Amino acid sequence: LSSCSQNHAESSDKLVERLNSQIKSESFEQIYNEADEMAKNLTPKEEFLEKMTSAVNKIKEIDESFSWQKDEMVLLSNGDIATDLYFVYRKVEKNGKKLDITTTVAYHTFSPKFFDLCVSPSESSPAADSVCVTNALRKI
């Protein structure tokens, strides 16, 4: 990895661990307030809070402790240089059920900002809808 990619990886991992802590304490408004401006502009606060609650409930169904693990099936977190976005992959699994959690981190400013969180059932889990917390990835 280049030093820039390595720095993005380390900064993004730290942001994701902080996000995990904020989710555990249900600090959803704080997450919204600290999010990237583009994501906030495309997602009204009430919609964000509803979607975050839905995503968290899906995670709680499998793992109430929010013990996110790096997804070893995805070898590297990766970025999109054109949009200054970086993707971090985590998972929760228990009793044969698994959810894939993708956190998108924006680097539109000098410091990383939360951009989106998507929770998706893995192929081996029973069918359920995916939830993305912001509208940003669908509108850029």
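Predicted model: local features only at pLDDT ≥ 70, side-chain atom pairs only at ≥ 80, totals over all residues.
Across the chain, the mean pLDDT is 82, and 80% of the residues score at least 70.

Three aromatic pairs are present in the structure. In one of them, the ring centres of phenylalanine 48 and phenylalanine 114 lie 6.2 Å apart with their planes at 80°, so the arrangement is edge-to-face, the cut-off for this class being over 60 degrees. Phenylalanine 48 belongs to helix α4 (residues 45-62) and phenylalanine 114 to strand β5 (residues 113-121); the pair therefore ties together parts that are 66 residues apart in sequence. Phenylalanine 48 is buried, with a relative accessible area of 1%, and phenylalanine 114 is also buried, with a value of 5%. Because burial is defined as under 20% relative accessible area, this class applies at such values.

A further pair involves tyrosine 86 and tyrosine 107, whose ring centres are 6.5 Å apart and whose planes stand at 85°, so this pair too is edge-to-face. Distant parts of the chain are linked by the pair, with tyrosine 86 placed in strand β3 (residues 85-94) and tyrosine 107 in the loop between β4 (97-106) and β5, 21 residues apart. Both tyrosine 86 and tyrosine 107 are buried.

Key:
Residues numbered from 1 in each chain as written. Heavy atoms only, no water. pLDDT = per-residue confidence, 0-100. Phe/Tyr/Trp six-rings, centres within 6.5 Å; stacked < 30°, edge-to-face > 60°. Helix = DSSP H or I, 4+ residues; strand = E, 2+ residues; numbered from the N terminus. Buried < 20%, exposed > 50% of the residue type's maximum accessible area, 1.4 Å probe, protein only.
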